[in-house]
Every structure is written in C-alpha cells, then in structure tokens.
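Reader: I would like to go through this model feature by feature. Please give the general idea each time, then the case at hand.

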Amino acid sequence: MKQQFAKQYANLEEWHWWFRGRQRILESVLRREFDSKNSISIASVGCGPAEGLRWLDQFIGPRGKIVGIDVEPIHARRIAPHIEYVIGKLETALIAPGSFNAVLALDVLEHLDNDVAGLCQAAQMVKPGGLLLITVPALPSLWGGQDVISHHRRRYTKATLLRTFERAGLPSPRVSYFNTLLFPPVAAVRWTRRALGMASRSRSDFEDTPPGAVNNILASIFSVERHLIPRMKLPVGVSLLATLSL
C-alpha cells in the first residue's frame, strides 16, 4: 500500500461509507457467533490503524483481548490495555496456533503473493470451534485505481475464493458476495474507466466521496445488507465474505 494512502486510513475508517457499511455487516456476523458476556480473544490480521480495532470491543467480554497484526509500523499504537499490536507479515507472524476464538482477515488475501499460505496461517491461529472470517474484493472486471494504489495482486470470484480454501486444505466456507445494492453504480464507474483507459489511475476511489449527505446515504444503503446476508447468499457484489467455523 502506498505510504500516503496508508496514513489516510485511520481518518477514512471513521467516516467513509465503505468502511461504515462493511463494519455494520461484520458486526452482524460476529453478533450471531459470540455472546459478549463471555470473554474471548479476537485477532485481526492486516488490520491497519490500531484505532480501527475498537469496534471489536463489543464482542470480547469483560476479560477478552484483541490483537492486531499488520506489516505497516505506521499503524501501530498502544491504545488500550486489552488491545495488542504485532508488526509483521501474516505468513511469518509469531503467533501460537489455536490462540484466538475469531480471526479476521479483512481485505488482506488480495495483497499477498501467496494467498494460500496466508490463509493457512490465519486458519491455524483459530481455536477449535472458533471462527475464521475473510473478506476480499470481488470480480477481476472491477479492477481499478483503488486496486493499484492498495497494491492488490488480484480480485476474486466466488469460485476462485473457494478454490483458495481448497488449496489451503480447509473445508469449504460459507461464501456470499456483498456490497450488492451499490454494485450497479460502482460497476458502471469502474467499467467506464476501463473503457477509457483509466483503470490503472493512481488515485484512491475514497477521494470520490467526501464527508456529507451523499456519503451518509451510501453508508445507509450498504448497511442494509446486514439484514440480507444471514438470509441469502447474494449473487453478485463488489466484495466477497467467507466465514468458516473450525
């Protein structure tokens, strides 16, 4: 990830519609899995800024802990006694197997040269009976400037994500597309830029939507999907969500 963009992440996570909508969807997934009265441990690999871990507080219980793992030292900060931060790559992080009740890799695998090895490492960190939760960008045809500036190696289809789990020696997860309701406008913009030769522009898509009313409306639309995903597997979307109980 380009350093200047990495520095913007903490601010973007607070207000941008994409982060807000994704967080509400992930909250609904974790809420179905964990009772906040019981103390648990959660790891978020490739987590970005330490401040972005605070939303997990609601799930860990009175004596739980959160561990963030990221390769960028710029993101590391000590923000609370129950939140630890490890600087390093997922593939080489010195984390004991079976350490966490839940391991999250949110838009991480697409950054890795060897996504199978990274997925294996993430799965090994999960305690028996725990949850592995993965999100990745979907559909190679949506490749654009955000992929370039984020140093993505690939975008996935449902089939290629399932194949990655298979190559990692893991059971098939439950997989659904998401960011479906906003797929038509996002796809229209991405495909138009490809047609105009602008697919590799070195500019973040997050710059296209400043704080304000439009951003809030988009966050609300995206957030609606937290009610849909438990009931159905959405057929297409800008992203993919995979969950696996181990």
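Reader: In which sense do S2 and strand S3 (residues 83-87) pair, and over how many bridges?

Author: A word on the source first. This is a predicted model: local features need pLDDT of at least 70, side-chain atom pairs count only at pLDDT 80 or more, and totals for chains, interfaces and linings use all residues. Residues are numbered from 1 along each chain as its sequence is written, and side-chain values use heavy atoms, with hydrogens and water left out. Now the terms. Helices (H or I, at least four residues) and strands (E, at least two) are DSSP runs, numbered from the N terminus. Two strands pair if DSSP finds at least two bridges between them. S2 and S3 pair in the parallel sense, over 5 bridges. Within that pairing, Ile 69 stands opposite Val 86 of S3.

Reader: Which way do strand S1 (residues 41-45) and S2 run?

Author: They run parallel, joined by 5 bridges. Ser 41 has Lys 65 of S2 as its bridge partner.

Reader: How many residues of strand S2 (residues 65-70) are buried?

Author: Buried means under 20% relative accessible area, exposed over 50%, and partly exposed in between (1.4 Å probe, protein chains only). In S2, 5 of the 6 residues are buried, and the strand is mostly covered.

Reader: And S6: in which sense does it pair with S7?

Author: Antiparallel, over 5 bridges. Tyr 177 stands opposite Leu 240 in S7. S6 is mostly covered too, with 4 of its 5 residues buried.

Reader: Which residues touch the most other members of the largest nonpolar core?

Author: In soluble globular proteins, nonpolar side chains tend to be buried together. A nonpolar core is a set of buried Ala, Val, Leu, Ile, Met, Phe, Trp, Tyr and Cys residues joined through side-chain atoms within 4.5 Å. The largest one here has 38 residues, and Val 103, Met 125, Leu 132, Ile 134 and Phe 165 touch the most other members. A second, separate core has 37 residues, including Trp 55, Ile 60, Leu 106 and Phe 178.

Reader: Where is Trp 15 placed?

Author: In helix H1 (residues 3-15). Trp 15 counts as buried because its relative accessibility is 19%. Contact means heavy atoms within 4.5 Å. Leaving aside neighbours within four places in sequence, Trp 15 is in contact with Arg 20, Thr 209, Pro 210, Pro 211 and Asn 215. Trp 15 and Asn 215 are 200 residues apart in sequence, yet 8.3 Å apart in space, C-alpha to C-alpha.

Reader: What phi does Asp 107 have?

Author: Most residues other than glycine have a negative phi. Asp 107 is not a glycine, but has a positive phi of about 55 degrees. Asp 107 sits in the loop between strand S4 (100-106) and helix H3 (115-124). At 14% relative accessibility, Asp 107 counts as buried.

Reader: What about His 151: where does it lie?

Author: In the loop between helix H4 (145-149) and helix H5 (158-167). His 151 has a positive phi of about 60 degrees, although it is not a glycine. Why is His 151 counted as partly exposed? Because its relative accessibility is 35%.
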